[in-house]
Amino acid sequence: MSLSAAPVGFGAALLAGLVLAIIGHPEPPGAPIVVPAAAPVPTGAPRTFVLKSVSVDLPSSDIAFPGGTEAEAINANCLACHSAGMVLTQHNLSKATWAGVVDKMIHAYKAPVAEKDVPAIVDYLTETRGSK
Amino acid sequence: MGESMRRMIGTTRRSFLRQAGAGGLALVSGSAWIASARAETLIDLPLPEGPKARVVTTSFPQKAAMILQRTRPPLLETPFEVFDRGVFTPNDSFFVRWHWAVIPTEVDVNTFRLSVCGHVDNELSMTLKDIVDGLPRVELAAVNQCSGNSRGYTAPPVAGAQWSNGAMGNAKWMGVRLKDVLDRAGVKRGAERVRFAGLDEPVVDGAPKLMKSLDIDHARDGEVMIAYAMNGEQLPLLNGFPLRLIVPGWYSTYWVKMLDRIEVLNGPDDTFWMKSAYLIPDTSGATMKPGQTGLTMVPINKMVPRSFVTNLTAGATLKAGTKTTVRGIAFGGSTGVKSVEISLDGGTLWLPTVLGRDEGKYSFRQWQAEFVPAARVVSVMVRCTNSDGLAQRATPNWNPGGFMHNAIETVYLTAA
């Protein structure tokens, strides 16, 4: 199956000469059209399906937040719940936004962050991933 | 936090105990942190701004090469080229997203139980054999997409996993209807919601365990499933082995992994993950202005249509004057794909494409067309319209969660 849709009104030079040809999906012509059901359907899979117990090891991250003493607070308080990688791939966010993130970790997600460490954590995030 | 918490950098409480007393953290200086993660390949995600480099990892069990967004709890993105290989995403390439780091690393199929409790006539404790052999087996192809898929393109940016477009996948799910399980327990009159939870747990006491709920009528609609297989195999542990809730057409936040508890409620669900997380503005396309107030925020729900070019990569050079195939995938969201069109002139004229085999309305669907690139700069826009007549947004949406991204995608190429 092949047909062309003639380009009409292509003013833009970049489109001059464009021809769109549509090619059919590689299915044999005349194949019966099966309309899939909207809801889950009884399966033709083999009657027996046996699940097997699983035991795996998940990798742990050996990466801490980089930096010297200024990273001590974030390393001491934040790595228990999550590794550092995703924090370090955040866009640059404002200090107020970072303060909001830290507040959410403490109050919504119950992160056991020492109150005295909060300013150092927010400062670190603002310095490392902050709007300049 | 004390020394003991600091050492708890393992994967589970159990591995924490195993690791207690092991050495401290390896401190990495400067911006070399990412490259230091073993000698693994790096990939640059095509994000508009912010850090683009990610490790491509093969360190996760039952997983091939995945884009590492976070090690613990794991966030693994599907490399985009996988989507060009067919409409079903292989299990070992299927994206992974966990909220809490206490994830069982062993599941014994003989001792595992699924409990059904709450506002029912008979509370149940079902074995896997009860489920696999005792209830009608059904199959359904359905897209599983993270609410925050493509968050890395949100402008202005928001905090959260900076995914490119690979926090989605499509599988043929096999299992049982949730309705059949609920019928076996006997839902009592007055039931309002059904809440789901899995084996994963928060790291710290008092933190909100991940639980999600559906309206009772939705839960009993005959479409919501409990899957014990995807693409003909048992689920990888990181995708929810042994049981996962399948909520066709809805975002992945509802597709509870390692499902072991179903609770019928005779009132609303006011717990954290329904009341305070995964909320979107109740506006068309879930869009709002940054800082806008006075909006009603509601739990995220049905997916919206999307489409992607999968065989041409941004920046690729095509042969000018030569017939070129462009193809990709699309999905309609909460219903099927009606059409996929492409535009080569920035969105003025839209041209039809041919759709591939229909695997069901909740599945990815392939589309394909041919064109002859003439100019030096070629842009290919692709737009899906679903069976309800809903088309992809022309402009990106914005909300503070970076949820429900579905704007029309454009791939820029050159021809020479």
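This is a predicted model: local features need pLDDT of at least 70, side-chain atom pairs count only at pLDDT 80 or more; totals for chains, interfaces and linings use all residues.
**Questions about a two-chain model**

Me: Which residues does Arg129(A) touch, not counting residues up to four places away in sequence?
Reply: Residues are numbered from 1 along each chain as its sequence is written, while chains are lettered from A and ligands numbered from 1 in the order in which they are written. Two residues are in contact if their C-beta atoms, placed from the backbone, lie within 7 Å. With residues up to four places away in sequence left out, the contacts of Arg129(A) are Gln90(A), Asn92(A) and Leu93(A).

Me: Why does Arg129(A) count as partly exposed?
Reply: Arg129(A) is part of helix H4 (residues 118–129) of chain A; helices (H or I, at least four residues) and strands (E, at least two) are DSSP runs, numbered from the N terminus. A residue is buried if 20 or more other C-beta atoms, placed from the backbone, lie within 10 Å of its own, exposed if 12 or fewer, and partly exposed in between. Arg129(A) counts as partly exposed because its number of C-beta neighbours inside 10 Å is 19.

Me: How far apart are the C-alpha atoms of Arg129(A) and Gln90(A)?
Reply: Gln90(A) is among the residues that Arg129(A) touches. Along the chain the two are 39 residues apart, yet their C-alpha atoms are separated by 6.8 Å.

Me: What pattern does chain A follow along the sequence?
Reply: Chain A has four helices and four strands. Of its 132 residues, 28% count as buried. Reading along the sequence gives the pattern β-β-β-β-α-α-α-α.

Me: What radius of gyration does chain B have?
Reply: The radius of gyration is taken over C-alpha atoms, and the globule rule is 2.2 Å times the number of residues to the power 0.38. With 416 residues, a compact globule would come out near 22 Å, and chain B agrees, at 22 Å.

Me: How many helices and strands are there in chain B?
Reply: Buried residues make up 50% of this chain. Its C-alpha atoms fill a box of roughly 70 × 55 × 45 Å along the principal axes. The count for chain B is six helices and 26 strands.

Me: Over which residues of chain B is the pLDDT below 50?
Reply: Chain B has a mean pLDDT of 91, and 90% of its residues reach 70 or more. One stretch, with 53 contacts in the model beyond near neighbours in sequence, has a pLDDT below 50: residues 1–37.

Me: Which strand gives the most to the side of domain 2 of chain B that touches domain 3 of chain B?
Reply: The domain bounds, from an automatic or database assignment, are domain 1 (3–97), domain 2 (114–299) and domain 3 (306–415) of chain B. Here 26 residues of domain 2 are in contact with 21 residues of domain 3. On the domain 2 side, strand E9 (138–145) and strand E16 (279–281) of chain B each supply at least two residues. The most, four residues, comes from E9(B).

Me: Why do strand E19 (317–318) and strand E22 (351–352) of chain B stand at the edges?
Reply: Strands of a sheet pair through backbone hydrogen bonds, either parallel or antiparallel. This open sheet of five strands has the order E19-E26-E25-E21-E22 (chain B), with mixed pairing. E19 and E22 stand at its edges because each has a single partner strand.

Definitions and conventions:
pLDDT is the predictor's confidence in each residue, from 0 to 100. Two strands pair if DSSP finds at least two bridges between them.
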